[in-house]
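Here are my notes for you to read alongside the coordinates.

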Amino acid sequence: MTNRPDRSGFCILAGLGLAAMTACMMPSASAHEANKRVADANALATTDSSQQAPQSTRRPVARAEKGPYYVDFRARTAASWGHAFVWYGKTSERAVEVAGLTPKGDTWSYVLGHLTWVPSETGASYGDLDPEYLTASYRVYLNEADAKRVFAYIKKLQASSPVWNAETTNCTGFIGDIAEYMGLKVPYRWQRPENFVNSLKDMNGGRQMVRLSAE
């Protein structure tokens with residue numbers, strides 16, 4: 001870590017950060033992880049099967065309600081409260097795009113982000129593509145026309161989110177904006193990422209297909 005502050009200054013800020021901690025610790029991705037865009041096929045299969053198995057038992061025609069594209073609201077473990085982010089892409093492809101809001105840099109940036117705004121990153125962070133860290137998932141399907149609109153909105157949101165702050169502009173707020181754009185009911189945003197994703201799923205009745213209203 002460059003430009004490291006003296007130990008006493010760091011401890012004071014760390015204590016304030018821990019006291020105010022309401023968001024997620026999201027370490028920056030390594031160069032390898034940041035460029036990684038292909039998820040393990042088992043991770044995709046696990047997510048789909050865990051959500052679809054009960055439906056296939058009750059309603060054999062559930063597959064007809066799926067669209068060829070999806071947005072997957074996800075939460076994972078981290079060193080503190082966890083991290084919320086989205087996977088999005090085409091159901092027939094292993095490649096996925098990842099979007100989320102994290103502080104840019106190391107632990108110092110995260111601690112400082114509890115006191116003020118710090119530069120952000122909006123792509124994949126370390127652990128986003130690893131199924132062993134997953135704590136919650138809610139996948140929603142889209143047709144092609146709606147997917148184009150939603151994916152464009154996600155990229156626009158990434159481009160217009162230059163800062164991160166634990167209290168005001170954090171990871172749950174980021175994916176909450178995406179959910180709101182898709183017409184989903186959005187829970188209280190300032191909560192643990194795992195709770196946020198599970199609440200999002202519950203509030204929308206586990207609904208799997210989203211159709212945006214005509215422009």
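1. Let's start with the rings. Searching the whole structure turns up 5 aromatic pairs, where rings of Phe, Tyr and Trp (its six-membered ring) pair if their centres lie within 6.5 Å, and planes under 30 degrees apart count as stacked, over 60 as edge-to-face and the rest as tilted. Tyr153 and Tyr181 make a stacked pair, 4.2 Å centre to centre with 5° between the planes. Since Tyr153 belongs to helix α5 (residues 144–159) and Tyr181 to helix α6 (residues 171–181), the pair ties together parts 28 residues apart in sequence. Elsewhere, Tyr69, Tyr88 and Phe151 form one aromatic cluster.

2. A word on the basis of all this. The model is predicted, so local features need pLDDT of at least 70 and side-chain atom pairs count only at pLDDT 80 or more, while totals for chains, interfaces and linings use all residues. Residues are numbered from 1 along each chain as its sequence is written, and side-chain values use heavy atoms, with hydrogens and water left out.

3. Now the overall layout. The chain has 7 helices and 7 strands; helices (H or I, at least four residues) and strands (E, at least two) are DSSP runs, numbered from the N terminus. Of its 215 residues, 45% count as buried, where buried means under 20% relative accessible area, exposed over 50% and partly exposed in between (1.4 Å probe, protein chains only). Among contacts (heavy atoms within 4.5 Å) with a separation of 6 or more, residues 24 or more positions apart account for 72%.

4. Do have a look at α6. This helix is largely enclosed by the rest of the structure, because 8 of its 11 residues are buried. Phe174 and Ile178 are among the buried ones, and the buried residues of α6 pack against β1 (69–76), β2 (83–90), β3 (97–99), α5, β7 and α7. Tyr181, by contrast, is partly exposed at a relative accessible area of 31%. After α6 comes Gly183, with a positive phi near 85°.

5. How do α5 and α6 pack? Their axes are 10 Å apart, at an angle of about 150°; axes are lines fitted to C-alpha atoms, for helices over the stretch in contact, and angles run from 0 to 180 degrees between N-to-C directions. That makes α5 roughly antiparallel to α6 (over 145 degrees; under 35 is roughly parallel, 65 to 115 roughly perpendicular and the rest oblique). Arg149, Val150, Tyr153, Ile154, Leu157 and Gln158 in α5 meet Phe174, Asp177, Ile178 and Tyr181 in α6.

6. The other helix partner is α7 (residues 193–203), whose axis comes within 10 Å of that of α6 and crosses at roughly 15°. The two are therefore roughly parallel. On the α6 side, the meeting residues are Cys171, Thr172, Ile175, Gly176 and Ala179, and in α7 they are Pro193, Phe196, Val197 and Leu200.

7. Thr169 counts as partly exposed at 27% relative accessibility. Leaving aside residues up to four places away in sequence, Thr169 touches Leu101, Trp117, Val163 and Trp164.

8. Finally, two arginines. The charged end of Arg74 sits over the ring of Trp87, 3.6 Å from its centre, and that of Arg139 sits over the ring of Tyr70, at 4.1 Å. The criterion is NZ of Lys or CZ of Arg within 6 Å of the ring centre and within 35 degrees of the ring normal.
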